[in-house]
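Me: Could you walk me through this one, starting with how its elements are defined?

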Amino acid sequence: MTDPVTDPVAALRRIAFLLERRLADSYRIKAYRGAAATLLTVDADEIRARAEAGTLRQLPGVGAKTAGIVEECVAGEVPGYLAELEATAGPLVEGGEEYRAALRGDLHTHSDWSDGGSPLEEMAMTALELGHAYVVLTDHSPRLRVANGLSVERLTRQLEVVDAVNTHLSASGGFRMLTGIEVDILEDGTLDQTEPMLARLDLRVASVHSKLRMDAAPMTRRMVAAVRHPRTNVLGHCTGRLVKGGRGTRPQSEFDAEAVFAACAEHDVAVEINSRPERCDPPDDLLALAVEVGCLFSVDTDAHAPGQLDFLGYGCERAERMGVPAERIVNTWDRDRLLAWANA
Ligand SMILES: [Zn+2]
Ligand SMILES: [Zn+2]
């Protein structure tokens, strides 16, 4: 285990994590992750020598602030900035603690292969450090070009990288990164990835990202068609609403929620409780309806950065407050049960 007091890389990663979980400006966070990535390739003796000689800033990606943090580490001190962030971190939300303790992983996450901010190995490491047994990597599908969606070729390569990361982490108590996709639900309700590729993945989240304002009747047909697709496991952020945040607000899509949730219940598709504070999707009334209809659920972060993997707490607070039965939340299940369900 790395010790933040003496390990500069661990200290910088921890600072980035704590900033991400409080949704700090991503440009600031990049400086810490960039410096950590550089220092990972420099041996400890050189770091010490440079800290003492004051030449850390000659290394690419190391600036005044990050160099100061490394110097504190080398001197055997907890960096002051890290101590300050830790002291003010606290829980993100009150409530939902039992649900959070029951969760074994996260089914919806992004890496820099699509529109996430960090390499998939960093997402895997952070999920492991959070105590997850699994994390599903669900980068975007090809037609979501604004999010750098993955073609068959790129996704095939990604599977090889995930495999290598899992081999590397195999000594870490059985944690695994699972393969997946957040596949776009196209306007006609088909899924934006080939059938052989969908079949190769461990789990599939299907979400609407385009034409969110279409009329309720065609939107209902579109969503029901996607839910009926035999490869669909999770219906991601079903209304598409944004309630706050840098991208502004966006009203929820209109559709016959009873029909969509009935299809989810019938086809064993989990309704996602999206934990992102700006999404908070589905809204309370629809979440209550999905509980009543008998749906399965997944509490997901939709993390686009490692620190956002901690957002599960927000979804758990909602799950508890809305009386979602814990046994119907699929990511409380162990990996074997989850995979059997996703590939039944
Ligand atoms: Zn999405
Ligand atoms: Zn997503």
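Reply: Helices (H or I, at least four residues) and strands (E, at least two) are DSSP runs, numbered from the N terminus. This is a predicted model, in which local features need pLDDT of at least 70 and side-chain atom pairs count only at pLDDT 80 or more, while totals for chains, interfaces and linings use all residues. Residues are numbered from 1 along each chain as its sequence is written, and side-chain values use heavy atoms, with hydrogens and water left out.

Me: ok, what comes after α1?

Reply: Helix α1 is followed by Leu23, which has a positive phi, near 55 degrees.

Me: switching to the metals, what coordinates zinc ligand 1?

Reply: The zinc ion (ligand 1) is coordinated by Glu182 (OE), His209 (NE2) and His237 (NE2), at 2.1 to 2.2 Å. Donors are N, O and S atoms within 2.8 Å of the metal (3.2 Å for Na, K and Ca), and water is not among the atoms, so sites may look incomplete.

Me: where do Glu182 and His209 sit?

Reply: Glu182 lies in strand β3 (residues 176-184), and His209 in the loop between β4 (203-207) and α10 (216-228), so the pair ties together parts that are 27 residues apart in sequence.

Me: which residue coordinates both zinc ions?

Reply: Glu182 coordinates both, and the zinc ions (ligand 1 and ligand 2) are 3.4 Å apart.

Me: buried or exposed, that Glu182?

Reply: Glu182 counts as buried, at 1% relative accessibility, whereas His209, at 22%, counts as partly exposed.

Me: what's the strand order in the sheet?

Reply: It is an open sheet of seven strands in the order β1-β2-β3-β4-β5-β6-β7, with parallel pairing, where two strands pair if DSSP finds at least two bridges between them. Strands β1 (105-109) and β7 (296-300) stand at the edges with a single partner strand each, so one side of each is left without a neighbour in the sheet.

Me: how many bridges join β6 to β7?

Reply: Five bridges join β6 (residues 270-274) to β7, and the partner of Ala270 in β7 is Leu296.

Me: last one, what does Thr220 touch?

Reply: Leaving aside neighbours within four places in sequence, Thr220 is in contact (heavy atoms within 4.5 Å) with Phe255, Asp256, Ala259 and Val260. Thr220 lies in helix α10 and counts as buried, at 12% relative accessibility.

Definitions and conventions:
Chains are lettered from A and ligands numbered from 1 in the order in which they are written. Buried means under 20% relative accessible area, exposed over 50%, partly exposed in between (1.4 Å probe, protein chains only).
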